[in-house]
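I opened the model today and kept a few notes as I went. Here they are, in the order I looked things up.

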Amino acid sequence: MARGPKKHLKRVNAPKHWMLDKLSGSFAPRPSAGPHKLRECLPLIIFLRNRLKYALTGDEVKKIVMQRLIKVDGKVRTDVTFPTGFMDVISIEKTGENFRLIFDVKGRFTVHRISSEESRVCVLIFQHRMHIPKLRIFLVSTVGRNVKMHAVNHQGKYQGKYTIAEENRDNLGAGLRFT
């Protein structure tokens, strides 16, 4: 019997939106536990090696990541299998490039280059809201970032898309803009 979480992922069983070929090996990089699910993410190693072509092998990707050059949503990530997902901002400091992961028409991840000003804005999609005591509303997002805010308008619709400025990371409710 298997004990603990699975640690391997066959290349054939990898999600189709990663667009990995079948014949270049038998295994695919399994995403580590993080803010996105296995079927809804793209590991950093696939992003750097297969999409941007910044490295030829996994060892080269590991050398790039361990130099602390890659930021995902403003935080340095040193895990090559860190799961990046929909609307995540990936920044490379040395080249000054910023990318946002979005879906194309067929449901595959595409790399969209953005400006440094746009990279400071994080777009969150909230699944549902909860009311907590003392007139506060707790918004639950799809990527594990949750927002507490004062309930000013109970008739307003809180489900949907909201943007949060990265400078207000400590007080997320202050930088909330409704779109």
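Predicted model: local features only at pLDDT ≥ 70, side-chain atom pairs only at ≥ 80, totals over all residues.

**Two helices crossing**

I started with the helices and saw that α1 passes α2 in a right-handed crossing. Handedness, I noted, is left-handed if the near helix is turned anticlockwise from the far one by less than a right angle, and right-handed if clockwise. Who makes the contact? I, L and R do it on one side: I45, L48 and R49 of α1 meet G58, V61 and V65 of α2. I take contact as heavy atoms within 4.5 Å. By type, the residues of this contact are four nonpolar, one polar and one charged.

Next I looked up the angle: the axes of α1 and α2 cross at roughly 115° and come within 10 Å. That makes α1 roughly perpendicular to α2 (the label covers 65 to 115 degrees; under 35 is roughly parallel, over 145 roughly antiparallel, the rest oblique). Axes are lines fitted to C-alpha atoms, for helices over the stretch in contact, and angles run from 0 to 180 degrees between N-to-C directions.

**Ground rules**

Residues are numbered from 1 along each chain as its sequence is written, and side-chain values use heavy atoms, with hydrogens and water left out.

Is V61 buried or exposed? V61 counts as buried, because its relative accessibility is 0% (buried is under 20% relative accessible area, exposed over 50%, partly exposed in between, with a 1.4 Å probe and protein chains only). V61 sits in α2, residues 58-66. Helices (H or I, at least four residues) and strands (E, at least two) are DSSP runs, numbered from the N terminus. The C-alpha atoms of V61 and L48 are 6.8 Å apart, though 13 residues separate them along the chain.

I then checked α1, residues 44-51: seven of its eight residues are buried. Just after α1, K53 has a positive phi of about 60°.

**The sheet**

Five strands form an open sheet, ordered β3-β2-β5-β6-β7, with antiparallel pairing (two strands pair if DSSP finds at least two bridges between them). I found β3 and β7 at the edges, each with a single partner strand, so one side of each lacks a neighbour in the sheet. α1 packs on this sheet, touching β2, β5, β6 and β7.

Key
Nonpolar A, V, L, I, M, F, W, Y, C, P; charged D, E, K, R; others polar.
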